[in-house]
Amino acid sequence: MAVFFNITISPTPKPPKPFTSSLSPPQTQISKAPQKPQQNPIFKIKGPSTLSGHISISGSKNSSLALLAATLCCSGSSLLHNVPNVSDIKAMASILTYLGAKVEAFDGNMIVNSDGVGNVEVDMEEMKKIRGGFFVIGPLVARFGEAVVDLPGGCEIGNRPVDLYLRGLSALGAVVELRDGKVRAHAANGKGLAGGRFRLDYPSVGATETLMMAASLADGITVLSNVAKEPEVVDLARFLIDSGASIEGAGSDNLVIRGKSQLHGSECVITPDRIEAGTFMLAAAITHSCISMSPIIPSRLSCLIDKLSEAGCKISQFNQHTLEVSAVPTYIGDNLKGFDIRTSPFPGFPTDLQPQAMALLTTCTGSSLVVESVFDKRMSHVRELQKLGARIRVCGSTALVFGKDEGSSLHGSRVFASDLRGGVSLVLAGLAAEGTTEINNIAHIDRGYENIDRKLQHLGVDIQRLTPVACPL
């Protein structure tokens with residue numbers, strides 16, 4: 001079983017034995033079923049809060065989505081451990097089931113067998129929910145020869161063009177066309193994909209992962225350059241290698257992939273979610289508290305650790321996978337200092353932590369500049385933070401954040417989550433705000449955070465998940 005802590009990708013890995021599930025889990029088959037309309041729940045937070053204690057970090061949502069898509073490359077069964085129980089994962093499981101795969105979920109584990117896939121057109125309703133569903137286009141074309149996939153959904157945080165995916169698949173011998181809002185792709189030779197060369201204009205994580213999966217089953221050698229170096233890409237490479245693929249260079253700018261005629265299922269443990277860990281680190285900072293967390297891979301959050309240390313937080317590593325973050329005034333002084341951030345691909349500051357960091361900066365001293373260089377519309381949370389008393393000026397993808405000594409003073413209010421990370425930034429602001437904060441549309445937050453309200457309650461936060469009662473007509 002591969003455990004993805006302190007990963008080193010070997011250029012010539014020894015192929016492991018194919019995984020055969022010998023478990024007898026409760027047979028919880030993921031299947032589409034009619035859902036009754038439900039009222040969207042809300043969070044109510046009474047602040048200001050002081051956090052204390054230890055929190056367990058869930059498995060990575062983004063790694064899980066890519067690995068679930070990768071199971072379509074594999075014959076036999078694959079077993080994934082430490083899969084987070086979030087709505088994005090449920091949507092991906094529904095996509096796989098719709099295609100004909102058998103998906104079983106139990107106790108944070110998922111077993112996927114895609115040998116029964118007989119449908120190459122992805123369910124449109126599930127595709128609207130998550131961008132990660134688009135990843136399946138690579139495995140479907142590579143293994144089954146064709147795919148029909150709707151344009152991806154997910155958070156409305158700006159343009160996330162799929163042209164890199166499509167041009168990359170074309171470079172591997174696929175005929176790709178966009179018609180009626182659907183992407184239709186098939187192998188030009190009628191058999192399968194062929195190795196090729198492709199340079200990404202931008203190191204897109206999704207495009208890198210999709211093309212890596214496709215190339216793993218292509219005939220010949222594929223060279224991908226200017227690829228993403230994110231930890232989630234490394235996680236996917238390790239899973240594919242354990243499934244029999246030949247991949248060199250994961251974590252660098254270039255990938256060399258020697259295609260195989262067949263991959264087999266394998267077993268792995270999903271790595272800790274670095275974005276969830278970063279969110280709780282920022283929660284400790286914004287509440288001037290001290291908490292510890294595990295498991296965590298500090299090297300995957302070095303940029304955030306540097307920024308929080310610059311602000312004045314004390315960050316201690318107790319052992320290989322446990323980190324403590326302290327912003328207690330007794331030890332660091334009354335105020336944290338503001339800092340500037342510019343989002344960029346790994347190892348730069350993660351765009352998925354930008355909204356949460358902005359919430360923190362409203363409680364620091366001085367003014368801070370936040371530049372969003374990954375997504376062009378990832379500033380929708382600013383308006384909601386302003387409702388909570390934040391003083392922020394926005395020009396395009398740049399925000400000037402004024403700290404507590406320059407006009408920001410957080411207080412409770414009614415706000416709305418418009419996307420996943422922007423929504424959780426409102427939770428952090430609510431922790432520091434005076435009075436009661438009501439956050440609506442928290443289904444966005446549930447897409448990527450497993451039981452965030454229960455985890456915060458465990459740390460001492462007065463937070464409630466409430467379902468509004470519909471008024472009778």
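This is a predicted model: local features need pLDDT of at least 70, side-chain atom pairs count only at pLDDT 80 or more; totals for chains, interfaces and linings use all residues.
Local features require pLDDT of at least 70 and side-chain atom pairs pLDDT 80 or more, whereas totals for chains, interfaces and linings use all residues. Residues are numbered from 1 along each chain as its sequence is written, and side-chain values use heavy atoms, with hydrogens and water left out.

**View A. Salt bridge between Lys 61 and Asp 88.** The closest N and O atoms of the pair are 3.3 Å apart; a salt bridge is defined as a side-chain nitrogen of Lys or Arg within 4 Å of a carboxyl oxygen of Asp or Glu. Lys 61 belongs to helix H1 (residues 61-70) and Asp 88 to helix H2 (residues 87-99), so the contact ties together parts 27 residues apart in sequence. Helices (H or I, at least four residues) and strands (E, at least two) are DSSP runs, numbered from the N terminus. Both Lys 61 and Asp 88 are buried, that is, under 20% relative accessible area, with exposed meaning over 50% and partly exposed in between (1.4 Å probe, protein chains only). Lys 61, Asp 88 and Arg 447 are linked in a salt-bridge network.

**View B. Salt bridge between Lys 182 and Glu 121.** The N to O distance is 3.3 Å. Lys 182 lies in strand S10 (residues 182-187) and Glu 121 in the loop between strand S7 (109-113) and helix H3 (124-127), so parts 61 residues apart in sequence are tied together. Lys 182 counts as buried at 15% relative accessibility, whereas Glu 121, at 31%, counts as partly exposed.

**View C. Salt bridge between Arg 414 and Glu 438.** The N to O distance is 2.8 Å. Arg 414 in strand S24 (residues 414-416) and Glu 438 in strand S25 (residues 435-440) are 24 residues apart.
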